[in-house]
Amino acid sequence: MNVSLFATCIVDMFQSNVGKSTVELLERLGCTVSFPKGQTCCGQPAYNSGYVKASKDTMKNTIRVFENAEVIVCPSGSCAYMLKEYVHIFKDEPIWQERAQRIADKTYELTQFIVEVLGIENVGAKLSGTATYHPSCHMTRLLKVQQAPMTLLKNVDGLEIIELPLKENCCGFGGTFSVKMGRISEQMVDEKVASVQQTNAHYLIGADGGCLLNIGGRIERQNLEVKTMHIAEVLNSR
Amino acid sequence: MAMKISKNKFNDRLSMNLDNDFMRSAVSSAQHRFQTRRSTAIESLDWEQWRNHGEEIRQHVLEHLDYYLYELSENVAARGGHVFFAKTAEEATNYITNIAKEKQAKKIVKSKSMVTEEINLNTHLEQLGCEVIETDLGEYILQLDDHDPPSHIVTPALHKNKEQIRDIFTEKIGYTASSQPEELAQHARQILRQDYLTADIGITGCNFAVAETGSVCLVTNEGNADLVAALPKTLISVMGLERIVPTFEEMEVLVSMLTRSAVGQKLTSYITVLTGIQEELDVDGPEEFHLVIVDNGRSSILGGEFQSILQCIRCAACVNVCPVYRHVGGHTYGSIYSGPIGAVLSPLLGGYDDYKELPYASTLCGACTDVCPVKIPLHQLLHKHREVIVEREGRAPISESLLMQAFGMGTSSQSIYRFGSKLASTAMKPFTSDDKISSGPGLLKNWTDIRDLPSPKKERFRDWFDTHSKGGRS
């Protein structure tokens, strides 16, 4: 299957390893992966802050870049959801809405794609140790991808999954919220890190770059032992 | 108390509450309790089907609000009641204080009502010389505590623990027993019992008004609304314009959802339904009944992009799951309406001057939308407020606005993005050590005050992919 990868701006700039892992994983699973070079960002930072007009050109760029793809796969639940949201955002521009619908229909978050489209539940990954998984809010509540990540993680050879206490709590990222409401964000991320610590897991796994920048950054700041990993990196471990 | 509960600015309120460890642990454990109970109360139901039904009822009422308001008022009048439509808070308080004057009321007992808080009714009645007594235990505690504002729309004294309540009772009403909730409640009940018997007027809120019969439905666990409604000769119920159901059938559905969503009970101890004045064979009930229907900004929400907020049945399920509320508590919102519902409603009723920060006090995590029994898309409404604040009101800070315009430009032009993202690694070099940024410049400082940031990679993912696709496969 020909997969067009929407890597996200966070992966492109900060987490290239997540991008590499995604590509290698998908290729190993038999996909041909392309990276359309015109891609930038899904538009959420401005859109979620209320700058709807300023973000629309960004979204139009994404639509142009991806509308001819066979399938679009994105290693972020939040950004994948955003691509699907374009349909509502362009409700007053019928031509763009139609084009947005075309990309919405073929956009998948990475684990969702592997389980639902490729029909694979065991990707043959190996990683030894204990891990806990943070189900990010947009992926779980808005995109409604809830089972796929756990299905895949449970089949990683050598990995023991410990359920994260209060896993449904938001980590406090929220895009610009993390800097605009920094003090509240700090409390939220501390609460999340405390939950992670309760598990004593070696790895904290997530499927959203933003949440991982936030939780991982706090873990780094506190010099904690737990290692933050994107699910693509875990599934690409052999 | 009016809707606005503090003169302090948002950041000052925030600081004060973030430092209040006691309040925060009280809120956190209450949220946990409410969430667990709610889950148990809905587990045997097809809750999604109930939610669809709840939403449908509320949307139907809002689409035909004129019809149902007319039907309601006709039926209240037919059963001997008076109906007053108050366009503003002032019209409502004038009408009610005039009744108090006419009755030469000395003592007024009230059951819990957010809308009377919103219109600042107690202050007006007290200025008239009336003694106004809140009979809901939570409200009673706050009233005794020098009118501490409510921090939650269902359990207003959520921010206090039993020891604090004992201290308030000891200081204000001569309490001498322990901090056992049962003893505290018993003491309050004994005092309040005398008040019901000697009050001239009873005032209630309204959970739902039934249009078909002109009835007012009240949901309590203490039975105080029954006594407020049954004992004084004059009864005044105050309701928000939108709190109507067509018939008892819809009332039953919404009450079932309200009690489950609010406190995780299949049913509360008391569901009180008041219909008309005392009739010949009745042993109690008011001789005179007034229904005050308060608009106070609601009709201007109707028909607009925020209409769905009027579906709200004030269950506070959204408040009980909100992670921001958990950390900042109700008083940070500066409004009697706190949590996600408050962050949407307060700016609509009270304006952006006082409440423009509230829509930003959310990660848009969607937990509120998920639990709302009548499917209000709360996180989308919070986002809609941001759009209005930025694009129609022009209230965004200039620095942010410039940054976002630059973002728009940078991410809509492929060449600028490629250039900018390549430059990022070099630009951040002075702030980078060990591949991470621990003390960033400008806005980044707000991030690095709390967390590290991995430095932008010199080899971006796209650079790697270039090499990879040219045959550098691993």
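Predicted model: local features only at pLDDT ≥ 70, side-chain atom pairs only at ≥ 80, totals over all residues.
Which residues are exposed on the other side of H3(B)?

1. Residues are numbered from 1 along each chain as its sequence is written, chains are lettered from A and ligands numbered from 1 in the order in which they are written, and side-chain values use heavy atoms, with hydrogens and water left out.

2. Chain B as a whole contains 23 helices and 13 strands, where helices (H or I, at least four residues) and strands (E, at least two) are DSSP runs numbered from the N terminus. Its C-alpha atoms fill a box of roughly 95 × 55 × 45 Å along the principal axes. Of the 474 residues of chain B, 57% are buried, a word that stands for under 20% relative accessible area, while exposed means over 50% and partly exposed lies in between (1.4 Å probe, protein chains only).

3. Among contacts (heavy atoms within 4.5 Å) in chain B between residues at least 6 apart in sequence, 74% join residues at least 24 apart. Chain B exposes about 20,000 Å², and carbon and sulfur atoms supply 50% of that area; accessible areas come from the Shrake-Rupley method with a 1.4 Å probe, and for residues only the protein chains shown count as cover.

4. Helix H3 of chain B runs over residues 47-63, and its 17 residues should span 24 Å at 1.5 Å a residue, which agrees with end C-alpha atoms 24 Å apart; the expected span is 1.5 Å times one less than the number of residues. Buried in H3(B) are Trp47(B), Arg51(B), Gly54(B), Glu55(B), Ile57(B), Arg58(B), Val61(B) and Leu62(B). They lie on the same side of H3(B), because they cover an arc of only 160° around the axis, the arc being that of the directions from the helix axis to the C-beta atoms. An α-helix has 3.6 residues a turn, so residues three or four places apart point the same way.

5. The opening question can now be answered: Gln49(B), Glu56(B) and Glu63(B) are exposed on the other side of H3(B). The cover over the buried residues of H3(B) includes helix H2 (21-42), helix H4 (65-78), strand E8 (244-245), H12 and helix H18 (367-371) of chain B.

6. A nonpolar patch on the surface is formed by Phe248(B), Leu267(B), Ile271(B) and Val273(B), with about 300 Å² of accessible area together. Patches are made of residues with over 30% relative accessible area and no salt bridge, like charges being joined within 9 Å and nonpolar side chains (Val, Leu, Ile, Met, Phe, Trp, Tyr) within 5 Å. Leu267(B) sits in the loop between helix H12 (248-263) and strand E9 (270-275) of chain B, and Leu267(B) is exposed at a relative accessible area of 53%.

7. Over all chains the structure holds 40 salt bridges, each a side-chain nitrogen of Lys or Arg within 4 Å of a carboxyl oxygen of Asp or Glu. One of them joins Glu186(A) and Arg218(A) (3.6 Å, N to O), a pair that links distant parts of the chain, 32 residues apart, in helices H11 (residues 182-199) and H12 (residues 209-221) of chain A. Glu186(A) is partly exposed at 24% relative accessible area, whereas Arg218(A) is buried at 9%.
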